[in-house]
Amino acid sequence: MNQSPRDFPAASKAALADESLKIALGRLKTHFGANRALAIERFGGDWEALREQGRAIRDFALTHLDTLLEQFERTVTARGGTVHWARDAKEAREVVLDILKDAGAKTVTKGKSMVSEEIALNPFLEANGLIPVETDLGEYIIQLRKEPPSHIIAPAFHLHKEQVAQTFREAHTHLDSARNLDERQALVGEARQLLRAQFEAADAGITGANFLAAEEGAAIIVTNEGNGDLTRLLPKTHIVLTGIEKVCADLNDAAVLLRLLTRSATGQDISSYVSVMLGPSDDDGPKNFHVVLVDNGRSRLIGGEAEEVLRCIRCSACLNHCPIYGAVGGHAYGATYPGPIGAALNPGVLGVANAAHLANASTFCGRCAEVCPVKIPLPAIMRHWRAREHASGLAPKSFVAGLGIWAFFAKRPALYRAITGLAARFLKMIGGKRGHIAALPLPRGWFAVRDLPTPQGKTFHEMWKAKR
Amino acid sequence: MTSKPRVGLFVTCLVDLMRPSVGFAAVKLLEQAGCDVFVPETQTCCGQPAWNAGADKDAAALARSVIDAFEGFDYVVAPSGSCGGMIHVHYVEVLRDDAAYLPRAKALAAKTYELIQFLVNVRGMKNVSAHCQTRACYHTSCSSLREMKVKDEPRQLLDTVSGLQLSELKEAEVCCGFGGLFSVKYPGISERMADDKIADIRSTGADLLVGPDLGCLLHLAGRMERQGNPVKVRHIAEVLADMRDPALGEP
């Protein structure tokens, strides 16, 4: 499994050759794209105004990040919870492990959390003798398959139900091998039954958070399977693991973001469950409530040209509408966050040298920015990383040289005219009577997949000059 | 009688090198729309390849030279949403740190148009006198659609071409996979996107593909040539100006 964005060229090539993946990705349009369009149609209100409101809420949060996080910590603490700060992945893993050790936990159920993927928590917990159990169906499937998620809200989107059935047969060996797993419902039923026991046995539960409301000290998650509630309510200890940027001013702001999130993500007016977590409880619910706030490169982006990427509410609309993601899927990106948001975020948090490919693999078609519920200018941020790559000498040498030669001529019109005049004649000559050229040594990438229609033979400028 | 507007034609580097007939079609249409057309000699490229590659200094140098050459005209018109979008949307970003040129970039942006948008929205063109007996579909460029906000204008004018029957693509707002240097850097992904677009084109039963940007058209025509696909490809200006040069890739 590709785990570095540096491998994007080879990984994307392999993904393009994967017929099964191609069929799975074909569902992006019919599944997510169409549902989102319908939800916005149904919304009835002014969607653009809501997007603008969402943008403003997120920008306010980012410009007041320090004070909002401190306020969040105070309100959580006042209610008996504990807030932990983690500068990077290593600190975050250790904080979580310490909490779990203090709680004497062995089995740990987990709601879906991309931050958990980001900090590679599961292998770390396993290495320390704990048993993490993913309870979101998609996460459960990929945990069994030892794969990373391929999509932010649908981690097993790259798989077909036949592959899932195969995985279940291999993992659940205590069940009747002749059982029927042809239908989706049978798969869901089997996972549900097995997970019930885990929910009851769990000593601690870990969830992510979609939003944090500073004023109320609340953490909010949305789920459709109800696994989030079982994860957070049944065990004695609940850990909310999330990024520092998830905070907003209050529940009113969170409610606006919620309206944007579910419509943009799955095309639902509202998710099946919205859980507002307000801390420990003496009755139902966890006795111990912890929030782990993870930076892991985020604060570096504050105040810079890529800051707007932190507005993201992880809805995946940009993935669902991206033709690049739609062609290669999530694993090719080699990073926790794929698609346009990954292309804009990863160079910032993983470094330009590591993740520049992702920023380059875009046609700048602009569809991601068009569907983004908080109006992140994704192509502009990708372009920013390209500029950083170019300025720091990290761009491929042959590419920079070619661009340099072209720019040299383009900045000298008289010379440019002479060269383009020759090029038009030369290409016309070798294209000959066929009207198109099938192969030239350069640019290799062009002729790898297409012919070149031949030019008409003279440049516009020389014909114009001759005419007037 | 009011004097004719003075229009600076931004030819675009691809039209200049690959397909001058598009430039002449643009001149013809602009003259039909009552404009005086000028072609500044110092223009080469809008700088977009440099800008998109992150070569900001080269992009800024080219932007300044375009501003110098074009700011004296009433309008700047390009037979391309991509180059038009570069001037209209991005020059103010390219020159954000250049106090002398930034106001000039803003002024130029405000009077820069994509050709069809200019003909319909600024000059009020309602119909063309052209004939083309064919079933056609229109493939917008992403920059024409999202940066220049051109959507209905090309369809309005194509509807007035006698004999031309226009079919809509199912995924008309999805990128064809050209993306400038993207097409060369990631040919495999570009190919997949082209093939998806071509399948959509074929399903309309169209014999002719028209579009506002030569980049997308060279990419799609080149790919269809490689596949042995018979759909003809032309720039929309050529069809609207009733010009009959061989289609892209044809002898």
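## Nonpolar core

Of the 214 residues in the largest nonpolar core, A:Val292, B:Val77 and B:Leu240 touch the most other members. Such a core is a set of buried Ala, Val, Leu, Ile, Met, Phe, Trp, Tyr and Cys residues joined through C-beta atoms within 7 Å. Buried means 20 or more other C-beta atoms within 10 Å of a residue's own, with C-beta atoms placed from the backbone.

This is a predicted model: local features need pLDDT of at least 70, side-chain atom pairs count only at pLDDT 80 or more, and totals for chains, interfaces and linings use all residues. Residues are numbered from 1 along each chain as its sequence is written, while chains are lettered from A and ligands numbered from 1 in the order in which they are written.

## Strand β7 of chain A

Seven of the seven residues of β7(A), residues 237-243, are buried, so the strand is largely enclosed by the rest of the structure. One face carries A:Thr237, A:Ile239, A:Leu241 and A:Gly243; the other carries A:His238, A:Val240 and A:Thr242.

β7(A) pairs in the parallel sense with β4(A), residues 204-207, over four bridges. Pairing requires at least two DSSP bridges. A:Ala204 stands opposite A:Thr237. β7(A) also pairs in the parallel sense with β10(A), residues 288-294, over seven bridges. There, A:His290 is the bridge partner of A:Ile239.

## Chain contact

Chain A gives 51 residues to the contact and chain B gives 55 residues. Residues are in contact if their C-beta atoms, placed from the backbone, lie within 7 Å. Elements giving two or more residues on the chain A side include α1 (8-16), α20 (397-410) and α21 (413-431).

Technical notes. Contact = placed C-beta atoms within 7 Å. Buried ≥ 20, exposed ≤ 12 C-beta atoms within 10 Å, placed from the backbone.
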